[in-house]
Amino acid sequence: MRILVTGGAGYIGSHMVKLLADRGDEVTVLDDLSTGHADAVRGAKLVRGDIANIGSTSKLLEENRTEAVVHFAAASLVAESIADPLKYYTRNVAGTAALVRAMREAGVGKLVFSSSAAVYGNPQRLPIDEAHPTEPVNPYGSTKLAMERMLAECCAAYGLKAAVLRYFNAAGANPQAGLGERHDPETHLIPLVLRAAAKDTPVSVFGTDYPTRDGTCVRDYIHVADLCDAHVRALDWLAARGTYGCFNLGNGDGATVLEVIEAARRVTRKEIKLNKAPRRPGDPPSLVADATKAKRVLGWRATRAEIDTIVSDAWEFEQRRPGV
């Protein structure tokens with residue numbers, strides 16, 4: 001299949017590009033490299049550009065005779081979205097609208113969209129299924145939900161086919177390929193804990209009085225390789241019979257902050273000091289996915305669900321990470 005991957009130089013996108021290339025797909029990456037890394041693109045042609053440029057994107061799709069788009073390109077920092085919501089509505093919502101228009105002009109009718117559990121906001125019940133109310137609590141989540149709704153309406157109006165994948169906490173790495181988390185700034189727990197281990201510095205734990213088994217937040221960590229496998233299955237579903245679908249991607253189980261740190265201690269064999277800090281505003285106690293629909297419709301399940309496996313892959317990458 002001939003596939004365009006937007007944001008394919010980023011963390012999840014680069015893993016996806018390698019998987020698609022390895023299975024024999026013809027892959028082109030469109031990335032403005034504002035947060036991605038050109039050296040992370042494996043087995044694909046990299047085009048530096050902006051999805052908001054309808055003309056150039058449409059031309060790229062036509063020239064490559066593209067059959068499907070996998071859409072990762074987005075601004076994704078929650079705190080930044082609160083400080084600068086217009087940036088998020090411009091880049092995420094307007095950018096996706098431009099991408100869909102370019103797809104229409106080029107006659108490309110299949111899209112797999114990278115969404116987020118942030119569309120749910122504070123959970124009213126656990127585990128969270130796709131029927132859970134969507135009440136995002138920050139502009140990042142609001143823009144993801146706006147993009148989802150736009151895609152659903154475009155599917156109804158234009159015959160677009162789209163799979164919306166709502167990630168919970170993406171984690172892990174492909175250390176053999178030299179792919180992992182290289183965010184700047186880094187905001188994700190597992191790489192922050194591992195970098196603290198490597199540098200023998202404390203890691204901050206925000207809130208130890210939550211109503212959870214050890215007082216720290218619970219999150220559903222899903223290996224990036226499992227996420228990518230779900231995207232492949234979504235592409236195949238759209239090619240075979242799918243029209244529009246929304247799917248949670250998670251393990252269905254959660255790990256607390258302290259459990260992640262304990263896993264990192266086991267993997268790294270380092271002490272890892274803690275700095276206990278107050279709760280951060282807007283952090284719900286627990287976020288755990290019900291991914292039954294993805295298993296039923298896409299035939300997908302997480303195969304790298306153990307937190308030690310996720311942390312071990314991330315640690316192996318951290319030791320090889322460029323710039324370390």
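A: First, a cut-off: buried means under 20% relative accessible area. Keep in mind that this is a predicted model.

Q: Fine. How many aromatic pairs are there in the whole structure?
A: A search of the whole structure finds 2.

Q: Take Tyr-120 and Phe-168. How are their planes set?
A: The planes are at 35° and the ring centres are 6.4 Å apart, so this pair is tilted. Tyr-120 is in the loop between strand E5 and helix H5, and Phe-168 is in the loop between E6 and strand E7, so the pair ties together parts 48 residues apart in sequence.

Q: Are Tyr-120 and Phe-168 buried or exposed?
A: Both Tyr-120 and Phe-168 are buried.

Q: And Trp-237 with Phe-247, what kind of pair is that?
A: Edge-to-face, because the planes are at 90°, with centres 5.4 Å apart. Trp-237 belongs to helix H7 and Phe-247 to strand E11, 10 residues apart. Trp-237 counts as buried at 10% relative accessibility. Phe-247 is buried too, at 1%.

Q: Which charged end sits over the ring of Phe-247?
A: That of Lys-293, 5.1 Å from the ring centre. Elsewhere, Arg-279 has its charged end over the ring of Tyr-210, 4.1 Å from the centre.

Q: Now the largest nonpolar core. Which residues touch the most other members?
A: Ile-12, Leu-249 and Trp-300, out of 36 residues in that core. Elements giving it two or more residues include strand E1, helix H1 and strand E11. H7 gives the largest share, 9 residues.

Q: What is Trp-300 in contact with?
A: Leaving aside neighbours within four places in sequence, its contacts include Ile-222, Asp-229, Arg-233, Leu-249 and Lys-295. Another core, of 25 residues, lies apart from the largest one; Leu-30, Val-100, Ala-106 and Leu-111 are among its members.

Q: Switching to H8. How many residues does it have?
A: It has 12, residues 257-268. From first C-alpha to last it reaches 16 Å, close to the 16 Å expected.

Q: Which residues of H8 are buried?
A: Val-257, Val-260, Ile-261, Ala-263, Ala-264 and Thr-268. They cover an arc of only 160° around the axis, which puts them on the same side of H8.

Q: Why would a spacing of three or four places matter there?
A: An α-helix has 3.6 residues a turn, so residues three or four places apart point the same way.

Q: What do the buried residues of H8 pack against?
A: Among their partners are helix H6, strand E8, strand E13 and helix H10.

Q: And what follows H8?
A: Arg-269, with a positive phi near 60°.

Technical notes:
Residues are numbered from 1 along each chain as its sequence is written. This is a predicted model: local features need pLDDT of at least 70, side-chain atom pairs count only at pLDDT 80 or more; totals for chains, interfaces and linings use all residues. Side-chain values use heavy atoms; hydrogens and water are left out. A nonpolar core is a set of buried Ala, Val, Leu, Ile, Met, Phe, Trp, Tyr and Cys residues joined through side-chain atoms within 4.5 Å. Buried means under 20% relative accessible area, exposed over 50%, partly exposed in between (1.4 Å probe, protein chains only). Helices (H or I, at least four residues) and strands (E, at least two) are DSSP runs, numbered from the N terminus. Contact means heavy atoms within 4.5 Å. Rings of Phe, Tyr and Trp (its six-membered ring) pair if their centres lie within 6.5 Å; planes under 30 degrees apart count as stacked, over 60 as edge-to-face and the rest as tilted. A charge sits over a ring if NZ of Lys or CZ of Arg is within 6 Å of the ring centre and within 35 degrees of the ring normal. The expected span of a helix is 1.5 Å times one less than its number of residues. The arc is that of the directions from the helix axis to the C-beta atoms.
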